[in-house]
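Subject: Structure handover and findings

Hello,

Here is the structure for you to look through. My notes follow it.

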Amino acid sequence: MRSLSRAVASFVLATSIVLLTACAGPTTSSQDYKRKAAATAKAAASEVATASVGTDLAVRARATASYLDVTFSNAEDGLSSEQENFSSRQPPTPADDKTRDQLNNLLSAALDAVANSRIAARRGDVEALRAGQPALRKSAKDLQRFEEAVS
Amino acid sequence: VKRLLGVALGILTAIGGFVDIGDLVTSSLVGARFGMSLAWAIIVGVVGICVFAEMSGRVAAVTGRATFDLVRERLGPRAGFANLIASMLVTGLTLAAEIGGVALALELASGINYLLIVPIVGFLVWVVIWRVRFSLLENVFGLLGLTIIVFAIAVWKFGPDWSSLVDSAFHPSVPSGEGHPTYLYYAIALFGAAMTPYEVFFFSSGGVEEHWSEEDILTSRINVFLGFPLGGLLSLSIMATAALVLQPRGIEVGSLAQVAVPVAVVLGKLGLIVALVAFFATTFGAALETGLSVGYSCAQYFGWQWGKFVRPLEASRFHLLVLVTLVIGAGVVLTSVDPVKVTEYSVVFSAVALPLTYFPILVIANDPDYMGDHANGVLGNVIATIFLVVITLASLAAIPLMLATKAGL
């Protein structure tokens, strides 16, 4: 019986640890807000870079349609999730509103660029994919610059 | 010739069966973020799994009994039960990750949302466990898993600067922008992925399923000491592809699709298709192994009839437990929790549970009452004890590091 209760306690502890590490913590200062903004920009740049590689693969016919579809959808979902998480954070001071606006604009531009690529890929429109490549590259670069600026 | 073929088949299945969703995700994630600077963690993990898998195989061959069969008898019911619960939780979590991995692989191949595929995967895993002969399921998925070699081919085709690649692997350092706690956290994750407890449950129970005797000790050793290190090389290849293709582009791995990106970039459509087959084979094979391992460990502890060497009717509780575990595993993935996140947590919790799995194996392999002349020698004991210390340190550090780094952020 004691072994069983220990087992239950271990399970509860493990679940608590997972929840604790999975939850977004509060933003306590401007510095903390900037650090979280930088982390969001880095994660978003990764998603845009993935979509950019996906576009390149699609243009050169080096990947299957299903794979590209999932890759673009994942990148789009990842970006939406990053934007949602960041938007839900309270900027600690009015001075942080600028950081918030800047990153939100970059994330929106990134989402548009990735969505355009996803739509073109589903249509098999290679020309539109090719035309969307500069926007993806610019978006990834802008996010990287932002990350470096606020880090 | 037949014996040689059998040995070759064993080695190939050990190589193909080594990689699972934990290795796929963790190796790629770490390669994209830390380059090859954590390759040492895979190497240490592979040596560790070789040491303890050899022992568990020897125990099975000499005693004709599997690990959990002996743990309760040798360590008593209380320690045995704690051991059982920990291993069932960790293996159950790994099973959920593998089922998610199979569904994600099929999603990449078909474009159908993985959540719609999960119930089918759960059903297929159950049917294969229920209907297919042990040797057949072991060999088919082990051999099919060899397709993961496509990652090694991608590294070769990429034509990297080999000296720089090897140098970065043998002169580990924490990359700029990363903290030491995060570096150590991922070292433990790689170590946990390489030494996942279910691998030894499955290996030793498989030995009993295949009626190993003392004559099979050599074959078992060859399988372990050749098959596992070669399997480890495939994990290193996955890490290398990520370090070469993803890291320079700033891509962090958060999905199975990203794991396949380097292969598509280097080898194109054909390479990508082989990689997707490999994802399916390795994760499906591991889902079979983890599902069976949960059944093995519980049935062996309670003394139920178990295994596929008897008809399902004669091992009904074993098969019922496997079925229930599969339903729970599929249910966890159906909650829409990210399967890649489940994988990341499962490898770290595996590391936490490692001492509970490996300490009893060392105790039993040392006991002359069970092992007779085949008990551990001095050298074996020294190496195993060193590893037990490493395993214990990793186990103790895993949770604090998980909390301190917010699971590797």
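First, the conventions. This is a predicted model, in which local features need pLDDT of at least 70 and side-chain atom pairs count only at pLDDT 80 or more, while totals for chains, interfaces and linings use all residues. Residues are numbered from 1 along each chain as its sequence is written, chains are lettered from A and ligands numbered from 1 in the order in which they are written, and side-chain values use heavy atoms, with hydrogens and water left out.

**Salt bridges**

Over all chains, the count is 17 salt bridges. One of them joins D32(A) and K36(A), at 3.1 Å from N to O. Both residues sit in helix α2 of chain A, four residues apart, about one turn of the helix. Helices (H or I, at least four residues) and strands (E, at least two) are DSSP runs, numbered from the N terminus. D32(A) and K36(A) are both buried. Buried means under 20% relative accessible area, exposed over 50%, and partly exposed in between (1.4 Å probe, protein chains only).

R60(A) pairs with D56(A) in a salt bridge, with the closest N and O atoms 3.3 Å apart. R60(A) has a relative accessible area of 43%, so it is partly exposed. D56(A) is at 28%, so it also counts as partly exposed.

In chain B, E314(B) and R311(B) meet in a salt bridge at 3.5 Å, N to O. E314(B) is partly exposed because its relative accessibility is 44%. R311(B) reaches 54%, so it is exposed.

**The interface of chain A and chain B**

The size of an interface is often given as the accessible area lost when the parts come together. Here the buried area is about 2700 Å², and carbon and sulfur atoms give 65% of it. That area is the accessible area (1.4 Å probe) that two parts lose on being put together, summed over both. In chain A, the residues that lose the most area to chain B are T21(A), R62(A) and Y67(A), together 23% of what that side buries.

By contact (heavy atoms within 4.5 Å), 32 residues of chain A touch 34 residues of chain B. The rule finds one salt bridge across the interface. K42(A) and E252(B) meet in a salt bridge at 3.6 Å, N to O.

On the chain A side, the elements giving two or more residues are α1 (2–22), α2 (30–59) and α3 (65–87). α1(A) gives the most, with 11 residues.

**Elsewhere in chain B**

V327(B) lies in helix α14 (residues 316–334). Its relative accessible area is 55%, so V327(B) is exposed.

I153(B) is in helix α8 (residues 150–158) of chain B. At 39% relative accessible area, I153(B) is partly exposed. I153(B) and A384(B) are 231 residues apart in sequence and 34 Å apart in space, C-alpha to C-alpha.

Best wishes

Conventions: Salt bridge = Lys/Arg side-chain N within 4 Å of Asp/Glu carboxyl O.
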